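User: I am new to this structure and would like to learn how to read it. Could you take me through it feature by feature?

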Amino acid sequence: MLETKLEKENLFFWLCRIGEQFQTAFLVLDTVNHRILYANNIFTELTGHITDDVKNQTFESILQFGSTDWNSKREVLCRRKDGSALLIDVLRQPFFDDEGNHIFDVMIFHEKNHKIPNQLEYIDPISGLTDYEFFLNQLQKKIGKNTTGFVLLIQPTNYLQIIHFLKNAQLSLLQKEIEKRIRSELSDIEIIISKTSEASLIVFGICHEDKIEHYTKKLSEIKNQSFIINQMELFISFNIGVVSLSYFTGNIHELAHFADIALNVAKKSPGNTIVSYKEEYGIEIEKTMELQNELIRAIQNREIAVHLQPKVKIGTGEVEGFEALARWHSKQLGVVSPAVFIEVAESLGQIKELDSLIIEQVLQWLRKRKERNQRLYQVAVNISPSHFYTPTFVEDLIGLTNLYGIDPKYLKLEITESICLVDIERANSILQSLQKFGFENSVDDFGVGFSSLSYLMNLPISEIKIARNFVNKVHDDKGRIIVQSIIQMAKNMGLHTVAEGIETREQLQLIHKMECPTAQGFYFYKPMPIENVDQLIK
C-alpha cells in the first residue's frame, strides 16, 4: 500500500513508466476531451505516430468508433500515419485518485491478425471520418432480413455556399462536429456514420420501425446551436433524406440510393427539412431522368419544332408578325409541355442550344420565303436569361443572321424583366449592341415581375407585351385601370404595345378602346406549324 497520497502528477509519472514496459500499444488520455497525453514505443511501431505527433490530439482522430461507448473491449478501425488502416482490439481502463476523481484513461490495444479490405484503406486525415465504401462494408455486415432501422443522408441546406466559403480542412472539421452532434442525439442506439462528400454524411441506425421518425426528428436539434470552426461561428440548417430498412431487398447500394432520392426531395423545400422515402419519389426521379435524356437527344437530333403564333393589328385584323414558340412531340414521351421541357433545359444547361435551335428554324423559314420572293415578317423569339448573358451572345446571333442572309430587323428578341434585374449595366450594353446591328428588343410578360420604369426609360426597348394575367382581368375595374395605364405609358414613351392572351371578343373590344395597336391570342390564332403559316399568309 502506498503511504503517500496518490496525486495526479505522480499517477501520470507511474503510468508512463508502466507504459514503457508494456509490449502492446499503450496510451494515456485526459478524461475531458479524450486528448492523448502519452504514447509508448509499441504504439509508434504499430501506427507510425510518435508521441509528439499525437500529443493533445483527440483519441477519436486516431481511432474510429461505431459509438461513443468504449468502456468495454471492442474492435475498432485505426489510421496509421501513412494513411493506411488497420483493425485493432481496444480496452479502456479508467484511473482515479485517492479522492475518487476520474483523472486519466489508459487505452491498451493490439492489431488484429486479419487484414482490412482495400476499400477501407482511406480515412479522412482531418475529420477522422471513414469513407463511403467503409460505410457500405459495415452496413453489409450489420443488415439482415430481420434488422430494423434506417439509412439517412444529412446535408447542410446551403451546402454549396459552405463548400465555397470553407477550406477543405475547415469542411472536415465541420463534418466532425456534425458527426459528434449526431452521435449525441442518437446515443441510445447503434449507429454507423461516414462521409459521402465534402458536406454530406450518411448514417445507419438500428431501431424499431416505429421509432424511426422519433430518431430522425431528434436530428433536427443539431441546428439549434452554432458550429465553431477555427473561431468562425456558423448557424446551419439541414436537409435529411431517410429510408426505412423495410425497403431493403438485398442491395445496400439501392438502399443508399433511396436515401439520396429522399434527400433531393427535401432540398426542394426551404429550411430544416426531413423527408422519408416513398416509392412514388423513385418513380418521379426515373421519369425526370428519362425526360432529361430524351430532351438532350431531341435537341441534338433537332426534334424540337417551331410553331408560330400570329400577332394581329387590332384595327384591321391583318397579321403583322409572329412569335416563335417551341413545341416537342417526343416519340417516347408524347407531347411534352413547353413549361416542362424549357425548365428542364435550363436545369441541364441546354437552354442556349434550345434557343439557338428555335432561332435557326425561324431564319430557315425566312430564307425560304426570301428565296421565293415572298413577303418577310418579323418574328419574335424568346431568349432565356442564361443565354442572354453568354459572352458570345451578340456575336453568335449576328453570325446566324449572316449565315442565312436575313436582315436582323426581321428578328425581334423577347426578354423578360428578370433579365434586366441580373445586371442592369451589362443588359444595357448587350441590348445597345443588338440595336446597333438592327435587332429590335421586346419585354415579354410586362408587369408580372419586378417592373421598373427606370429600365424602360434607359434601355433600348421598342416594345412591351402586356402579360395575359392582366388581360384576363381587363373586364374588372382594377384590371382595366392597370392595362389602360400600361398602354398609355408605352404610347407616351414611344413604345409599341402588344396585348397577349386575347381569348374573347369582350377582351378584344376593351383593349381596342384603350388604343392598344396589336393583339395576340387564341381569339385570332393558335400557334401553328410553319407549313400552316405559309398557307395563312400566301
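User: What kinds of residues line the second largest pocket?

Analyst: Start with the classes. Ala, Val, Leu, Ile, Met, Phe, Trp, Tyr, Cys and Pro count as nonpolar; Asp, Glu, Lys and Arg count as charged; the others, Gly among them, count as polar. Here the lining divides into 15 nonpolar, 8 polar and 10 charged residues. Keep in mind that this is a predicted model, where local features need pLDDT of at least 70 and side-chain atom pairs count only at pLDDT 80 or more, while totals for chains, interfaces and linings use all residues. Residues are numbered from 1 along each chain as its sequence is written, and side-chain values use heavy atoms, with hydrogens and water left out.

User: What is the volume of the second largest pocket, and which residues are closest to its centre?

Analyst: A pocket is found on a 1 Å grid over the protein atoms alone: it is an open set of points where a 1.4 Å probe fits, with protein on both sides within 12 Å along at least five of seven lines. Lining residues have an atom within 4 Å of a point. Points are joined across faces, edges and corners, and the volume is the space filled by probe spheres set on them. In this case the volume is about 890 Å³. Of the 33 lining residues, Glu323, Leu325, Ile342, Asn382 and Asp444 are the closest to the centre.

User: Which element gives the largest share of that lining?

Analyst: Elements are DSSP runs, numbered from the N terminus: helices are H or I with at least four residues, strands are E with at least two. Strand 15 gives the largest share, 5 residues. Strand 15 covers 319–330. Among the other elements that supply at least two lining residues each are helix 10 (338–348), helix 11 (351–371) and strand 17 (378–382).

User: Which strands pair with strand 15?

Analyst: Two strands pair if DSSP finds at least two bridges between them. Take the partners in turn.
- Strand 14 (residues 305–313) runs antiparallel to strand 15, with 8 bridges. Val312 has Val319 as its bridge partner. The two strands form a hairpin with 5 residues between them, and Gly317 in the turn has a positive phi of about 80°.
- Strand 17 pairs with strand 15 in the parallel sense over 4 bridges. Ala324 stands opposite Val381 there.
- Strand 16 (residues 334–336) is antiparallel to strand 15, joined by 3 bridges. Trp328 stands opposite Val336.

User: Where do the side chains of strand 13 point?

Analyst: In strand 13 (residues 273–276), Thr273 and Val275 point to one face and are buried. Strand 13 pairs with strand 12 (residues 238–244) in the parallel sense over 4 bridges. Gly241 stands opposite Val275, and Ile240 has Ile274 as its bridge partner.

User: How many residues of strand 12 are buried?

Analyst: The count is 7 of 7. Phe238, Ile240, Val242 and Ser244 point one way, Asn239, Gly241 and Val243 the other, and all are buried. Strand 7 (residues 149–156) also pairs with strand 12, in the antiparallel sense over 7 bridges. Leu152 stands opposite Val242 in that pairing.

User: Which residues have a positive phi although they are not glycine?

Analyst: The general idea first. Most residues other than glycine have a negative phi. Two cases to look at are Arg302 and Asn373, each with a positive phi of about 60°. Arg302 sits in the loop between helix 9 (279–300) and strand 14. Arg302 counts as partly exposed because its relative accessibility is 42%. Asn373 lies in the loop between helix 11 and strand 17. Asn373 is at 73%, so it counts as exposed.

How values were computed
Buried means under 20% relative accessible area, exposed over 50%, partly exposed in between (1.4 Å probe, protein chains only).
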